[in-house]
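These are my notebook entries on a single chain model. I set down what I looked up, entry by entry.

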Amino acid sequence: MPYAKFRRRTPRLTTCFDDLAEAVRAWAKGWLPTEAAAELLISHQCWLERADFLQVAVEVRWEPFRDREIAAVDFAAAAAAVQGVLPCSDGERQVLLVAASIAGGIPVDLREAALCMDAVNAARAARAICHAAGCRVRVVAETCR
């Protein structure tokens, strides 16, 4: 199956990654900064595939009036946990901190974020910032030579 890596199961949920992503989108819908931060986490994938992150920063619950599952991300808890509790690379940390900054106003050092991110994650962060500002733009990451 060519798309098997996108259908991994998470320990906390009995659904696949795509279902978790949709539950996060459902929770974030309607507030541009939250939508942008959620899409940054989803496109990065790393954090939403980690059981320790899900335990610290994601609450899954049923929304009875819309008959669907939502997954709320506590960006403040995520930002605090990434400062020592959750092991990760510098790039992964900065992606999460940028998402937390967009969604919850958590301060982030943009110079450090830019220096730690690769081109793909920098493009994702730029797209998220534009989305939060209400601008739908296509950001393309070019490889540096």
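Is E22 buried, partly exposed or exposed? I find E22 partly exposed, because its relative accessible area is 46%. For this label I take buried as under 20% relative accessible area, exposed as over 50% and partly exposed as in between, with a 1.4 Å probe and protein chains only.

**Entry 1. Basis of the values**

I note that this is a predicted model, in which local features need pLDDT of at least 70, side-chain atom pairs count only at pLDDT 80 or more, and totals for chains, interfaces and linings use all residues. Residues are numbered from 1 along each chain as its sequence is written, and side-chain values use heavy atoms, with hydrogens and water left out.

**Entry 2. Salt bridges**

I looked up the salt bridges and found six in the structure. The criterion is a side-chain nitrogen of Lys or Arg within 4 Å of a carboxyl oxygen of Asp or Glu.

E22 is the partner of R25 in one of them, with 2.7 Å between the closest N and O atoms. Both residues belong to helix α1 (residues 17-28) and sit three residues apart, about one turn of the helix. Helices here are DSSP runs of H or I with at least four residues, strands are runs of E with at least two, and both are numbered from the N terminus. I recall that an α-helix has 3.6 residues a turn, so residues three or four places apart point the same way. R25 counts as partly exposed because its relative accessibility is 29%.

In helix α5, D90 and R93 are likewise three residues apart, about one turn of the helix. Their side chains form a salt bridge at 2.9 Å, N to O. Elsewhere, shared partners join the salt bridges of E22, R25 and E39 into one network. D90 is partly exposed, since its relative accessibility is 45%.

I also recorded the salt bridge between the side chains of E59 and R61, at 3.5 Å from N to O. E59 has 45% relative accessibility and therefore counts as partly exposed. R61 is partly exposed as well, because its relative accessible area is 37%.

**Entry 3. Helix α5**

I then listed the buried residues of α5, among them G91, R93, Q94, V95 and I102. What do the buried residues of α5 pack against? I find α2 (32-44), α3 (51-57), α4 (75-81), α6 (110-116) and α7 (119-132). Contact here means heavy atoms within 4.5 Å. After α5 comes G105, with a positive phi near 75°.

H44 is a residue of helix α2. H44 counts as buried because its relative accessibility is 12%. Leaving out residues up to four places away in sequence, I find H44 touching E92, V95, N121 and R124.

Q45 lies in the loop between α2 and α3. Its phi is positive, near 70°, in a residue other than glycine. I recall that most residues other than glycine have a negative phi. Q45 is buried, since its relative accessibility is 16%.

**Entry 4. The hairpin**

Strands β1 (residues 58-63) and β2 (residues 68-73) run antiparallel and are joined by six bridges. Two strands pair if DSSP finds at least two bridges between them. E63 has R68 as its bridge partner in β2. The two strands, β1 and β2, form a hairpin with four residues between them.

D67 is found in the loop between β1 and β2. D67 is not a glycine, yet its phi is positive, about 55°. D67 is exposed because its relative accessible area is 56%.

**Entry 5. Cysteines**

How many disulfides does the structure hold? I find zero, the criterion being a pair of cysteine sulfur atoms within 2.5 Å. C46 is in no disulfide, and the nearest cysteine sulfur, that of C88, is 7.7 Å away. C46 counts as buried because its relative accessibility is 17%. C16 is buried too, since its relative accessibility is 9%.
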